[in-house]
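Here is a short note to read alongside the model. Please keep the sequence and the 3D view open while going through the points.

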Amino acid sequence: MQTSYRRNSELSLLLLALVIGSGSLALVEAARDLRRVELVVPFMAILVVAYLVAHIVVRRTAREADALILPLAAILNALGLAAIYRLAPRGFGPVQVTWTAVGAAAFIITLLVVRDYKILARYKYILGFAGVALLLLPLSPMGQEVFGARLWVNVGAFSFQPGELAKIALVLFFAAYLAERKELLALATRRIAGIHVPDLKHFGPLLVMWGLSLAVMFYEKDLGSSLLFFSIFLVMLYVATARFVYMAFGGLLFIVGAYIGYQVFPHVQVRVQVWLDAFNPDLIEGPSFQLAQSLFALSTGGLFGTGLGQGRPDLIPAAHTDFIFSVVGEELGLLGTAAVVLCFMLLVTRGLHIAMNGRSDFGILLAGGLITILGVQTFIILAGATRLLPLTGITLPFMSYGGSSLLSNFILIALLIRISHQDTAEPAPADTAEILIGGRG
Amino acid sequence: MQTQLRKVGWGLLVAFLAVFAQLNYVQIFAAESIASNPANIRSLLREYSIKRGDILTFDFVTVAESVATNDRLKFLRRYPERDLYGHITGYYSLVFGADRIERTFNEQLLGESGVISMQDIQDRFLGSGERGDDVRLTIDSRLQTAARDALGGNRGAIVALDPQTGAVRAMWSNPSFDPNPISSHRPARIREAWDQLNAQTPNPLQNLAATRGFPPGSTFKVVTAAAALESGRFNPQSTFDDPVSFTPPQTSSSISNFSGGTCAGGGQITLADALRVSCNTTFAQLGLEVSQEMVGVTRGMGFNDRIPFDVQTEASTFDRADENNLPRRSLAGIGQGDVVTTPLQMALVAASIANGGETPRPRLVEEVIDAAGGIVARPAEETLGTAMSESTARTLTELMVAVVESGTGANAQIPGVEIAGKTGTAQSVEGASPHAWFIAFAPAQNPRIAVAVFVQNGGSFGAEATGGTVAAPMAQQIIETDRQVREW
């Protein structure tokens with residue numbers, strides 16, 4: 001088998017990513033104080049060790065997996081870490097590098113525990129309930145409102161965003177559910193205006209998801225997540241059934257929901273107003289301040305950027321979460337932002353490649369769903385930070401500050417790598433898989 | 001399902017390409033217009049992260065310095081002498097920008113004057129932070145303080161300069177302002193201080209010394225006298241009628257003498273005596289006779305143009321546009337009518353005579369010094385023009401010495417020092433008290449200091465004020481201080 005070839009590619013790309021990442025950290029600290037560059041050495045060490053250990057585990061347990069996923073995650077993670085360290089070297093920096101280690105551990109544990117991803121399909125209802133529960137957890141008394149959105153849950157001294165983990169649980173549920181029911185859901189019993197339309201009762205799950213995403217929007221006031229959950233479900237439904245009518249109907253439902261949200265919530269109206277008129281002097285010191293600062297950072301960066309540690313991205317409020325991309329834009333310029341966008345595009349491409357080479361419906365839908373979360377989430381926040389679309393605050397995968405986000409994205413790529421390995425390595429496609437799906441094995 | 005996945009892939013590709021297109025727009029095509037938005041404070045922060053150079057007096061008293069702070073703007077501008085140098089240093093404000101020396105020498109103070117020293121290279125490599133160059137003024141703190149003390153609570157201005165070099169040794173305008181609140185880091189406080197200053201009349205932000213003109217009154221007679229001597233048709237012994245009043249052609253309103261009577265008991269009066277006792281009727285006649293020559297003299301002194309200076313100036317005017325208006329020409333001979341001058345301009349009138357007819361360009365900056373003490377720049381000594389011949393200047397000096405020795409300027413006398421001077425008591429508007437003026441230079445034979453003192457509406461002396469009683473003693477204090485400081 002050609003194992004060593006793939007894993008050696010992964011290792012060399014990973015080393016390249018880690019060299020760039022470590023170099024970025026060193027540059028950032030050098031810009032602060034040239035005589036104290038050694039302060040970043042522990043950060044580099046944690047980063048390098050975390051990814052090398054992750055690589056060794058992949059080498060041992062997923063030899064045939066895609067070689068690009070881990071290096072791409074590493075370069076994005078390292079660049080994000082450098083940007084966060086640059087913003088708050090004594091505050092967010094150490095926390096983020098700690099979460100990187102924790103995330104890598106979660107990655108390893110996922111790979112070690114989930115030796116056969118198809119087994120996960122057995123737990124689809126548990127995962128589904130867990131997903132919904134996690135999603136709605138912030139509404140419980142443990143929830144906490146931050147920046148107007150109720151996304152956080154406090155557990156002792158810790159606070160986390162359960163929505164990040166909920167995404168993965170829900171995608172697992174959707175994949176298993178749709179793999180089981182896809183023929184049924186795709187069955188078109190009627191034709192309306194020349195279009196095959198499935199039986200009305202099959203629109204039930206769609207409406208349930210719509211209700212759930214509306215709940216997220218109305219009660220947690222989180223447009224970004226609401227859009228994300230619903231669009232993932234739509235995409236997966238479409239992939240499973242090939243019925244574009246679900247997509248169209250779902251899109252219509254979402255527009256209705258968004259319109260209601262716009263009418264009901266003043267803060268949604270403000271978001272739209274800010275998007276349309278970001279540089280209005282009446283808004284610029286108030287509601288559009290953050291977006292304007294993001295655009296100032298990007299425009300100041302120009303083509304080449306100011307150089308790492310040489311700009312003033314700290315002027316952007318919450319730069320380390322929603323606007324980490326603008327930090328890169330100011331200090332590395334269009335070359336840096338284009339590189340980041342390319343990395344995400346490559347990651348999405350590899351994810352879709354894994355899905356398309358899947359040997360089971362569950363595997364295809366799971367990989368497709370997982371990579372769609374990552375792609376759509378990336379698009380929503382990048383479009384917001386660059387004023388392509390109204391801003392909705394969600395994290396940029398692997399780059400933004402935040403433990404919940406890093407942890408769930410590490411689990412996400414671990415699952416992708418597992419699927420990739422399993423569906424490449426397994427010689428015979430159909431036999432075992434069909435039995436296992438739906439927990440009938 | 002592969003087909004659908006491929007379509008999803010295309011969808012995401014289009015979405016990411018849209019982001020990339022938007023990035024090109026924001027970071028390249030519209031970058032300049034976005035970044036230049038005033039709400040983008042990056043260039044401001046950059047400027048405030050540089051330790052701006054100090055502004056020092058000639059005798060190395062710090063009058064503006066940058067001190068490190070803990071807030072986002074790393075350095076705070078401080079003016080330890082508060083309002084004493086407000087009109088010279090100006091302010092360095094977040095909201096209102098920089099003004100006066102802070103503005104004129106902004107590049108040097110920021111260390112961006114283009115001269116790269118070893119210190120700059122060292123700063124860059126050791127990361128010890130950028131530091132601007134210091135600006136050393138020509139102002140002497142002792143003269144500046146003397147000017148403030150001399151003027152006291154009176155509204156007005158005093159300008160003193162070295163007539164040979166143009167170095168301004170004192171420039172005080174009362175009221176003045178404290179630049180500290182306007183240069184603070186709190187916009188609300190800055191605006192409050194600004195509004196407070198602008199609500200006052202007169203506005204303390206206005207530099208009376210250089211940006212506002214007043215009728216110069218009899219001090220302007222030295223210009224008339226210079227023109228008369230330059231014409232070649234008159235000499236100090238030329239005689240004039242000595243009437244109680246003089247009525248120019250084309251009008252019935254007459255010009256009378258300050259005393260209300262004649263200047264020399266009737267009969268005849270010499271030009272020398274007319275200047276010594278400040279005889280209006282003589283100079284009103286001369287105003288008609290030498291109007292043409294006065295154009296050349298005033299031009300050579302810098303009238304009718306903004307004087308090139310390190311802080312803002314307004315032009316003093318000697319307007320001869322309406323040549324055929326004889327009453328106006330006559331009034332101009334005694335520094336009334338259309339003639340309007342700034343105290344700075346009157347100091348230059350004195351300096352021009354002191355300097356043999358060559359008017360020095362006034363300047364406030366002696367040199368620009370880098371952190372290591374090296375001289376980065378030294379503004380050149382220049383002249384504004386030639387107002388009169390050297391012999392005219394010499395003759396006029398003798399006449400002005402007589403003004404102080406035995407004329408209206410006696411209050412400026414300093415034992416052992418020959419001082420040349422001229423008083424002025426200028427009518428401003430109907431009903432208001434006259435402005436008291438005095439211009440002088442000393443020592444008469446080798447002038448080191450030229451002074452103009454202006455007391456608006458006579459200050460606390462009100463209607464009783466004259467140039468001789470109010471302004472001359474003030475000029476005397478300045479001259480005496482300079483004599484002690486420079487030991488001449």
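1. How many residues does helix H14 of chain A have, and what distance does it reach from its first C-alpha to its last? Helix H14 (residues 361-385) of chain A has 25 residues and reaches 36 Å, close to the 36 Å expected at 1.5 Å a residue. The expected span is 1.5 Å times one less than the number of residues. Helices (H or I, at least four residues) and strands (E, at least two) are DSSP runs, numbered from the N terminus.

2. A word on the source. This is a predicted model, in which local features need pLDDT of at least 70 and side-chain atom pairs count only at pLDDT 80 or more, while totals for chains, interfaces and linings use all residues. Residues are numbered from 1 along each chain as its sequence is written, and chains are lettered from A and ligands numbered from 1 in the order in which they are written.

3. Chain A has 16 helices and 5 strands. It has 441 residues, of which 55% count as buried. A residue is buried if 20 or more other C-beta atoms lie within 10 Å of its own, exposed if 12 or fewer, and partly exposed in between, with C-beta atoms placed from the backbone. Among contacts in chain A between residues at least 6 apart in sequence, 72% join residues at least 24 apart. Contact means that the C-beta atoms of two residues, placed from the backbone, lie within 7 Å.

4. Back to H14(A). Of its 25 residues, 24 are buried, so H14(A) is largely enclosed by the rest of the structure. Just after H14(A), Arg387(A) takes a positive phi of about 70°.

5. H14(A) packs with helix H15 (residues 403-425) of chain A at an angle of about 145°, with their axes 10 Å apart. Axes are lines fitted to C-alpha atoms, for helices over the stretch in contact, and angles run from 0 to 180 degrees between N-to-C directions. The crossing of H14(A) and H15(A) is left-handed; a crossing is left-handed if the near helix is turned anticlockwise from the far one by less than a right angle, and right-handed if clockwise. Among the residues that make the contact are Leu366(A) and Leu370(A) of H14(A) and Leu412(A) and Asp423(A) of H15(A). By class, this contact has 9 nonpolar, 1 polar and 1 charged residues. Ala, Val, Leu, Ile, Met, Phe, Trp, Tyr, Cys and Pro count as nonpolar, Asp, Glu, Lys and Arg as charged, and the others, Gly among them, as polar.

6. Chain B comes to 19 helices and 19 strands. Of its 488 residues, 52% count as buried.

7. In chain B, helix H12 (residues 221-231) and helix H18 (residues 390-406) pack at an angle of about 135°, with their axes 10 Å apart. That makes H12(B) oblique to H18(B): angles under 35 degrees count as roughly parallel, over 145 as roughly antiparallel, 65 to 115 as roughly perpendicular and the rest as oblique. H12(B) passes H18(B) in a right-handed crossing.

8. Ala410(B) lies in the loop between H18 and strand E17 (420-426) of chain B. With 15 C-beta neighbours inside 10 Å, Ala410(B) counts as partly exposed. Its C-alpha atom is separated by 7.8 Å from that of Ala472(B), 62 residues apart along the chain.

9. Finally, the contact between the chains takes 28 residues from chain B and 40 residues from chain A. H1(B) gives the largest share of the chain B side, 17 residues.
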